[in-house]
Amino acid sequence: MSEAHDYTYGIEEEYFLVRPDAHGLATRVPAELLKQARRELGDSVANEMLQSQIEISSPILRDAAHAQRCLTDLRASLSQVAARFDLGLVAAGTHPLGVWREQERSPRSRYRRMMEDFQIVARRSLVCGLHVHVQLPPGVDRVRVMNRAMPWLPLFLALSTSSPFWNRSRTGLLSYRQAVYDEWPRTGIPDFFADEAEYDAFAALLTRVNAINDARSLWWGIRPSLRYPTLELRIADCCTRVRDALAIAALYRCLLRYLVRTPQDDPPRSALTRRVIDENRWRAKRFGTEAKFFDESGAEPEPLPQALTRLRALCADDIRALDCADALAPLDAIIAEGSSAHVQLALYREQRERGLGRVASLDAVVDWLRAATVVAD
């Protein structure tokens with residue numbers, strides 16, 4: 001069943017809308033921008049909770065080449081629409097010059113209710129992520145696959161890190177987006193539910209007591225989608241370079257195929273397991289690609305490059321079956337050169353060493369982010 005299934009997938013990305021002249025966020029965005037974008041891109045574009053953010057969703061993707069064409073075209077087309085309003089796009093987990101107190105809410109009633117419900121947590125949510133949906137074969141319990149995918153979540157976060165700045169300052173973290181997102185309820189690493197039935201029962205309980213409207217308010221780093229027959233990766237920062245987003249999506253797709261076809265590869269879990277995964281998530285958001293991950297055995301922690309090599313070896317048959325070898329090649333560049341967060345920090349240090357002030361140095365970082373967001377590499 002797994003071998004015949006084609007594991008179609010979809011990619012969602014959230015971007016910042018910026019004012020190129022001042023490098024800062026466009027706190028108020030004309031409603032006409034979204035209208036024009038939807039006329040040209042259809043349902044592939046939507047607004048986000050804050051006016052300074054916008055989201056794209058790919059169509060159903062069938063292979064890596066299709067994904068590259070779609071994501072590159074969506075970024076380019078949306079950038080062209082934004083340019084008509086003297087705005088640009090930035091793909092990153094946080095905006096280096098963004099100030100959450102200055103942001104304006106989008107006008108939709110749903111977002112008004114969220115602001116009322118979550119207060120400062122919602123107002124501070126000036127972050128953008130990458131979400132990847134992969135359709136599993138019919139009859140496969142998505143939660144059981146989710147349980148086995150969870151130990152790999154810190155690796156996907158580390159590869160995607162793109163949010164080292166917050167409120168015009170260095171944070172010391174490579175993914176400060178994860179720290180901001182941790183303020184929300186029902187985020188981070190989910191619990192180990194026995195199966196989809198138990199997961200659905202928990203969602204039904206929260207719905208019954210009016211804690212949530214439906215399971216879409218379970219915002220964990222991985223979850224079974226309510227709207228689609230997919231298992232959705234949510235832990236990743238929005239990747240600045242399209243090649244990085246495509247490689248992470250392809251790797252996640254290969255991992256899920258491996259997990260579906262090898263149900264016997266299900267290590268025992270204990271009360272420690274989830275806590276260990278969360279400790280590794282901290283290492284990923286703190287150190288990015290320089291993180292070292294450990295397991296319950298207490299053995300020597302494994303550097304990210306070795307963990308990635310091990311994962312690719314496990315998924316070798318799946319990489320061949322899905323024809324993803326070329327799509328995964330950018331992972332080697334991330335290991336060698338660093339993620340977007342590393343590039344941002346290196347550029348910032350370079351400007352500071354030249355004598356530029358903090359804000360002027362961050363201006364240069366934003367210039368790189370804008371350029372890299374819409375370049376097909």
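**A strand and its surroundings**

Mentor: Val 132 has Leu 233 in E9 as its bridge partner. The model is a predicted one, in which local features require pLDDT of at least 70 and side-chain atom pairs count only at pLDDT 80 or more, while totals for chains, interfaces and linings use all residues. Residues are numbered from 1 along each chain as its sequence is written, and side-chain values rest on heavy atoms, with hydrogens and water left out.

Strand E5 (residues 130-135) and E9 run antiparallel and are joined by 4 bridges; two strands pair if DSSP finds at least two bridges between them. Strands (E, at least two residues) and helices (H or I, at least four) are DSSP runs numbered from the N terminus. Strand E8 (residues 222-224) also runs antiparallel to E9, through 3 bridges. Within that pairing, Arg 223 stands opposite Glu 232, and a hairpin is formed by E8 and E9 with 5 residues between them. Strand E9 itself (residues 230-233) is covered on both faces: Thr 230 and Glu 232 are buried on one side, Leu 231 and Leu 233 on the other. Here buried means under 20% relative accessible area, exposed over 50%, and partly exposed in between (1.4 Å probe, protein chains only).

Strand E3 can be described in the same terms. Of its 5 residues, 4 are buried. Ile 56 in E3 stands opposite Glu 13 and is the bridge partner of Val 45. E2 and E3 form a hairpin, again with 5 residues between them. Ser 58 lies in the loop between E3 (53-57) and helix H2 (64-83). With a relative accessible area of 16%, Ser 58 is buried. Leaving aside residues up to four places away in sequence, Ser 58 touches Gly 10, Ile 11 and Leu 74, where contact means heavy atoms within 4.5 Å.

Leu 155 touches Leu 251, Phe 293, Leu 304, Ala 307, Leu 308 and Leu 311, not counting residues up to four places away in sequence.

Helix H6 (residues 153-160) packs against helix H10 (residues 273-287) at an angle of about 5°, with the axes 8 Å apart. H6 is therefore roughly parallel to H10; that label applies under 35 degrees, with over 145 roughly antiparallel, 65 to 115 roughly perpendicular and the rest oblique. In this contact, Pro 154, Leu 157 and Ala 158 of H6 meet Ile 277, Asn 280, Arg 281, Ala 284 and Lys 285 of H10.

Helix H11 (residues 304-314) contains Arg 310. Its relative accessible area is 40%, so Arg 310 is partly exposed. Arg 310 touches Trp 152 and Glu 302, not counting residues up to four places away in sequence. Glu 40 is 270 residues from Arg 310 in sequence and 42 Å from Arg 310 in space, C-alpha to C-alpha.

Key:
Axes fitted to C-alpha atoms, helices over the stretch in contact; angles between N-to-C directions.
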